[in-house]
Amino acid sequence: SRNEKCHEIDILIENLPHFLLHDTMTYCLDERSSVLKSSPRLLQVLDTWFPCIVRPCIIKWATTQEDSISNQLDLGIRFLDLRIAHKIKDPDKVFYFAHGIYSLLTVKEVLTEVARWLDQHTKEVVIIALSAFDGMNLDQHRDLIQFLISTFDNKICPNHIIPSLLQCWNHNYQVILSYDDSSASEYEELWPQCEYWWANTSDPKHVISYLEERKTEGRPGQFFAAGLNLTEDAKYVLSHPCQSLQSMTLSSYSLLLNWVKQQCPGLGKSCVNIICADFVGAFSNEFTQLVIGLNQTLLKKRRDL
């Protein structure tokens, strides 16, 4: 019946497990670009003198995804992790993505593509988390925020409501914008920072133990992400010259996926909300299929009430 259907979809979005790509836009890093101005001084000097060595190395360890933004959305990704940057010598209103070095694609190109995808998938809701903002001043933040508002317009879910899927569908809301900067505080279209649980280690067992410890502390107030991404340091890179972030991650994928299988969706203290990982298209898209399974488990529980 219609009432049963509404009961099934009237679930708070913050109680649904989402799947997130850590550093969504690293599939298009630009090997011709310099390292970020916020990079350590030594790395900037090395990049000046040995760019043909430094930049390929950065790309090897900074690339966390391989699929284009549209393909990611088609795979089922509904949380985009966007690290924003501005190049010092570029026009004020041109913004890029960054992870060690800058992206080939601009923010305008990519988010316009996301808006087109949403036009074709009117029942889909995407959470977009913007952060980092390397090299940006207050005026540039305002320019970027105005671009976001004009691009997504009536699709934006305002921050003064607690959205459920049913509420989003009834109001045609398709985008929740998280903006990790104080300049966003005056805009009802922008949500605060999404808390990210990051273990900062290359050991998958330590990542899992860290996340389990964080779960015992209880759920944060709104959206939060559990990061399954492995993180290398300089010592690891130098001691594994033939590896890359991809090979390091995929060698541990079965252990990380087993952790996902064990998670419980819903309102409970130890329940997960957003689960993020690198190279989510690997192994026939198994990661996203597992998270979809968690959502289906939650919906089944609601139907059985």
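## Helices α5 and α6

The crossing of α5 and α6 is right-handed (a crossing counts as right-handed if the near helix is turned clockwise from the far one by less than a right angle, and left-handed if anticlockwise). This is a predicted model, in which local features need pLDDT of at least 70, side-chain atom pairs count only at pLDDT 80 or more, and totals for chains, interfaces and linings use all residues. Residues are numbered from 1 along each chain as its sequence is written, and side-chain values use heavy atoms, with hydrogens and water left out.

Helix α5 covers residues 107-120 and helix α6 residues 138-152; their axes come within 10 Å and cross at roughly 20°. That makes α5 roughly parallel to α6 (angles under 35 degrees count as roughly parallel, over 145 as roughly antiparallel, 65 to 115 as roughly perpendicular and the rest as oblique). The axes are lines fitted to C-alpha atoms, for helices over the stretch in contact, and angles run from 0 to 180 degrees between N-to-C directions. Helices (H or I, at least four residues) and strands (E, at least two) are DSSP runs, numbered from the N terminus. On the α5 side, the contact (heavy atoms within 4.5 Å) uses V107, K108, L111, T112, V114, A115 and L118, and α6 brings L144, F147, L148, T151 and F152. By class, that contact of α5 with α6 has nine nonpolar, two polar and one charged residues (Ala, Val, Leu, Ile, Met, Phe, Trp, Tyr, Cys and Pro count as nonpolar, Asp, Glu, Lys and Arg as charged, and the others, Gly among them, as polar).

## Two other helix pairs

Next up are α8 (residues 204-216) and α11 (residues 253-261), which pack at an angle of about 20° with their axes 9 Å apart. That makes α8 roughly parallel to α11, and α8 passes α11 in a right-handed crossing. From α8 come P204, K205, I208, L211, E212 and K215, which meet L255, L256 and W259 of α11. Sorted by class, the contact of α8 with α11 has six nonpolar, no polar and three charged residues.

Then there's the α2 and α3 pair, packed at an angle of about 125° with axes 6 Å apart. That makes α2 oblique to α3. L43, L46, D47, T48 and W49 of α2 make the contact with P51, V54, R55 and I58 of α3, and the classes here are six nonpolar, one polar and two charged.

## The largest pocket

Helices α2 and α3 turn up again in the largest pocket, among the elements that give two or more residues to its lining. This pocket has a volume of about 1400 Å³. On a 1 Å grid over the protein atoms alone, a pocket is an open set of points with protein on both sides within 12 Å along at least five of seven lines, while a cavity is a set of points where a 1.4 Å probe fits but cannot get out; lining residues have an atom within 4 Å of a point. Grid points are joined across faces, edges and corners, and a volume is the space filled by probe spheres set on the points.

Of the 49 residues that line the largest pocket, W61, A62, H99, G100 and E232 are the closest to its centre. Helix α3 gives the most to the lining, with seven residues. The lining divides into 27 nonpolar, 14 polar and eight charged residues.

## The cavities

The structure holds two cavities of 30 Å³ or more. The largest cavity has a volume of about 60 Å³, and its lining is F79, I127, S178, W191, P192, Q193, C194, Q222 and F223. That's six nonpolar, three polar and no charged residues.

The second largest cavity holds about 40 Å³ of space and is lined by D23, T24, M25, T26, D81, L82, R83, F97 and A98.
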